Amino acid sequence: LTFITYAVCAGLERLQSPPDGPRVGSMQDYIKLSALTMGGMYLTNWSLQYLSYPLRVVFKSSKIIPVMLLSVVYIGKRYSLSQYVSVLCLSVGIVLFALGDSKGKATFHPWGIGIIMI
């Protein structure tokens, strides 16, 4: 189902863009990106064997925090105070929302944390 969705989106994009339009990256870059995206989805689904679904949602939805931190450290990107506050509010909101669904049996295993963080 995911493959079909991505294929339809790619086809629609190709219809809208000019033929032989300039690419930002090489085809090899696109292949690497698609392999990493597929691997990330696979590992996220695999982590559900060790983690509860609300915990998975918290981890995947809060990934903007390490992305922001690494972009500051490695490429020196600057963010405004409002962007940091927005990310903090988003992450806290997601955690509170996930805690609201904590009636079910919570599943937690260190392997699940390791798998989802890859």
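Visitor: Is Cys89 buried or exposed?

Guide: Cys89 is exposed, since its relative accessible area is 52% and the cut-off for that class is over 50%. Please keep in mind throughout that this is a predicted model.

Visitor: How many disulfides does the structure hold?

Guide: As a general idea, a disulfide is a covalent bond between the sulfur atoms of two cysteines. In this structure there are zero disulfides. Cys9, for its part, is partly exposed, with a relative accessible area of 45%.

Visitor: At what angle do H4 and H5 pack?

Guide: In general, two packed helices are described by the angle between their axes and the distance between the axes. For H4 and H5 the angle is about 155°, and the axes are 10 Å apart. Because an angle over 145 degrees counts as roughly antiparallel, H4 is placed in that class relative to H5. On the H4 side the contact is made by Ile64, Ile65, Met68 and Val72, and on the H5 side by Gln83, Tyr84, Val87 and Ser91. Sorted by class, this contact has six nonpolar, two polar and no charged residues.

Visitor: Which residues is Ser91 in contact with, leaving aside its neighbours within four places in sequence?

Guide: Ser91, which has its place in helix H5, is in contact with Ser62 and Ile65 once those neighbours are left aside. Its relative accessibility is 7%, and Ser91 therefore counts as buried.

Visitor: How far apart are the axes of helix H3 and helix H5?

Guide: The axes of helix H3 (residues 53-61) and helix H5 (residues 81-100) are 9 Å apart, and the two helices pack at an angle of about 175°, so that H3 and H5 are roughly antiparallel to each other. Pro54, Val57, Val58 and Ser61 in H3 meet Ile94, Val95 and Ala98 in H5. The classes found in this contact are six nonpolar residues, one polar residue and no charged residues.

Visitor: What separates the C-alpha atoms of Met38 and Phe3?

Guide: Their C-alpha atoms are separated by 9.4 Å, although Met38 and Phe3 are 35 residues apart along the chain. Met38 is found in helix H2 (residues 27-47), and at 57% relative accessibility Met38 counts as exposed.

Visitor: Where does Asn45 lie, and is Asn45 buried or partly exposed?

Guide: Asn45 lies in helix H2 and is partly exposed, with a relative accessible area of 49%. The C-alpha atoms of Asn45 and Ile116, which are 71 residues apart along the chain, are separated by 8.6 Å.

Technical notes: Residues are numbered from 1 along each chain as its sequence is written. This is a predicted model: local features need pLDDT of at least 70, side-chain atom pairs count only at pLDDT 80 or more; totals for chains, interfaces and linings use all residues. Side-chain values use heavy atoms; hydrogens and water are left out. Axes are lines fitted to C-alpha atoms, for helices over the stretch in contact, and angles run from 0 to 180 degrees between N-to-C directions. Helices (H or I, at least four residues) and strands (E, at least two) are DSSP runs, numbered from the N terminus. Angles under 35 degrees count as roughly parallel, over 145 as roughly antiparallel, 65 to 115 as roughly perpendicular and the rest as oblique. Contact means heavy atoms within 4.5 Å. Ala, Val, Leu, Ile, Met, Phe, Trp, Tyr, Cys and Pro count as nonpolar, Asp, Glu, Lys and Arg as charged, and the others, Gly among them, as polar. A disulfide is a pair of cysteine sulfur atoms within 2.5 Å. Buried means under 20% relative accessible area, exposed over 50%, partly exposed in between (1.4 Å probe, protein chains only).
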